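Please open the model in your viewer and keep the selection tool at hand. The stops below are meant to be taken in order.

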Amino acid sequence: MVEKRKKIGFIGLGVMGRPMALNLLKAGYPMIVWNRTKSKMKPLLDAGAEGANSPREVAEKSDVVITMVTDSPDVEEVVLGPNGVIHGAHSGLIVIDMSTISPTVARKVAKKLAEKGVKMLDAPVSGGEIGAIKGTLSIMVGGPKETFEECLPILKVLGKRITYMGPSGMGQTTKLCNQVICALNIQAVCEGLILGAKAGLDLRKLLDVVTAGAAGSWMLSNLGPKMIERDFKPGFKIRHQLKDLRLVLSFASELKLPLPGTALVQQMLRAVEAEGLGEKGTQAAIVAMEKLAGMMLSGEKPLEKEMGD
Ligand code: NAP
């Protein structure tokens with residue numbers, strides 16, 4: 001088991017990384033942090049973490065390095081790049097990448113690290129910023145089983161449901177399946193609501209009754225009301241969902257697997273992004289359906305350009 005006093009290096013202190021790192025600090029883990037934009041290190045330094053000048057320095061001074069950055073090239077940069085973790089690697093170092101990236105890239109990075117004697121887990125998460133703050137994330141893990149078991153005490157600080165999915169890349173593969181199900185569910189909610197609006201139903205009553213039946217889902221309960229109220233404040237951004245669907249469709253292409261529904265949702269979300277709504281929450285997907293329908297959920301005609309403030 002990784003002892004509580006093992007030193008954790010944390011790289012990527014954005015929306016998700018900052019609260020995750022803070023939770024580990026609060027749990028008593030000594031910590032060294034690095035973030036590309038230096039100012040984002042301040043809350044962690046104020047809470048007692050040490051600051052580093054590069055991912056390489058983080059690796060030199062840690063037992064376990066956690067990365068929480070945006071996309072596949074970003075993980076490659078902080079781990080394998082010129083000043084990356086790999087150059088500060090020492091025997092026994094473990095890397096846990098918790099970003100959502102391509103399973104193929106996760107395997108490639110793990111292989112490069114293994115050549116230096118470093119073990120890697122891919123451990124992406126679900127549960128959003130709230131789950132990161134509360135330490136209730138779902139964590140899906142790929143990599144060597146014994147490394148998973150060794151890191152379980154650390155992962156338990158961050159998440160509530162932690163599942164070992166198999167060898168390297170299987171954590172990311174699980175996360176991509178999760179994103180397919182989420183994306184199609186959002187499209188289903190959009191189509192159900194626009195049909196109700198066109199046919200003149202009271203949409204709140206519609207939500208109330210169908211939420212309790214077989215159509216009930218997290219998306220319907222959480223995003224349905226926001227679509228009706230036109231509350232597009234982001235939990236999970238359209239831009240990030242598009243990144244994840246690009247990863248899904250590229251991975252499916254590698255497997256020669258058609259995913260027609262996912263491709264459709266990707267195009268719908270592209271249309272939403274083209275409206276200038278990429279930074280809005282995924283509930284803004286309703287805007288694309290409204291454009292196709294020639295009417296808003298409220299019954300009004302859609303605006304020429306929807307800026308959705
Ligand atoms: P975010 O707030 O945009 O933070 C991204 C972090 O990555 C920032 O610290 C950023 O540094 C760093 N970064 C990006 N590219 C980098 C590079 N090339 N080199 C060094 N640092 C780099 O994003 P987030 O919401 O925390 O998401 C992080 C990951 O978690 C993503 O893979 C996302 O898909 C996944 N995720 C997010 C959610 C959610 O609800 N937000 C839920 C589940 C999973 P700077 O500060 O310098 O920009």
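This is a predicted model: local features need pLDDT of at least 70, side-chain atom pairs count only at pLDDT 80 or more; totals for chains, interfaces and linings use all residues.

Select the ligand and the residues around it. The shell holds 25 residues, and N35, T37, K40, T70 and K243 are the closest. By class, 9 are nonpolar, 9 polar and 7 charged. Domain 1 (2-167) and domain 2 (174-293) each contribute at least three residues to this shell.

Colour the helices next. At least two shell residues come from each of helix 4 (72-80), helix 6 (128-134) and helix 11 (238-254). Helix 4 gives the most, with 3 residues.

A backbone N or O atom of V69 sits 3.2 Å from a ligand oxygen. At E77, a polar side-chain atom is 3.3 Å from a ligand nitrogen. The side chain of K243 places an N or O atom 2.8 Å from a ligand oxygen. The ligand alone would expose 910 Å², of which the protein buries 91%.

Elsewhere, shared partners join the salt bridges of K7, E50, E57 and K61 into one network.

K61 pairs with E50 at 3.8 Å between the closest N and O atoms. K61 is in the loop between helix 3 (55-60) and strand 4 (64-67), and E50 is in strand 3 (residues 50-51), so the bridge ties together parts 11 residues apart in sequence. K61 also bridges to E57, at 2.7 Å from N to O. E57 is buried at 14% relative accessibility, whereas K61 is partly exposed at 38%.

How values were computed. Residues are numbered from 1 along each chain as its sequence is written. Side-chain values use heavy atoms; hydrogens and water are left out. A residue is near a molecule or strand if one of its heavy atoms lies within 4 Å of it. A polar contact is a pair of N or O atoms within 3.5 Å; within protein, one must be able to donate a hydrogen and the other to accept it, and residues adjacent in sequence count only if both atoms are side-chain atoms. Accessible areas come from the Shrake-Rupley method with a 1.4 Å probe; for residues, only the protein chains shown count as cover. Helices (H or I, at least four residues) and strands (E, at least two) are DSSP runs, numbered from the N terminus. Ala, Val, Leu, Ile, Met, Phe, Trp, Tyr, Cys and Pro count as nonpolar, Asp, Glu, Lys and Arg as charged, and the others, Gly among them, as polar. Domain bounds come from an automatic or database domain assignment. A salt bridge is a side-chain nitrogen of Lys or Arg within 4 Å of a carboxyl oxygen of Asp or Glu. Buried means under 20% relative accessible area, exposed over 50%, partly exposed in between (1.4 Å probe, protein chains only).
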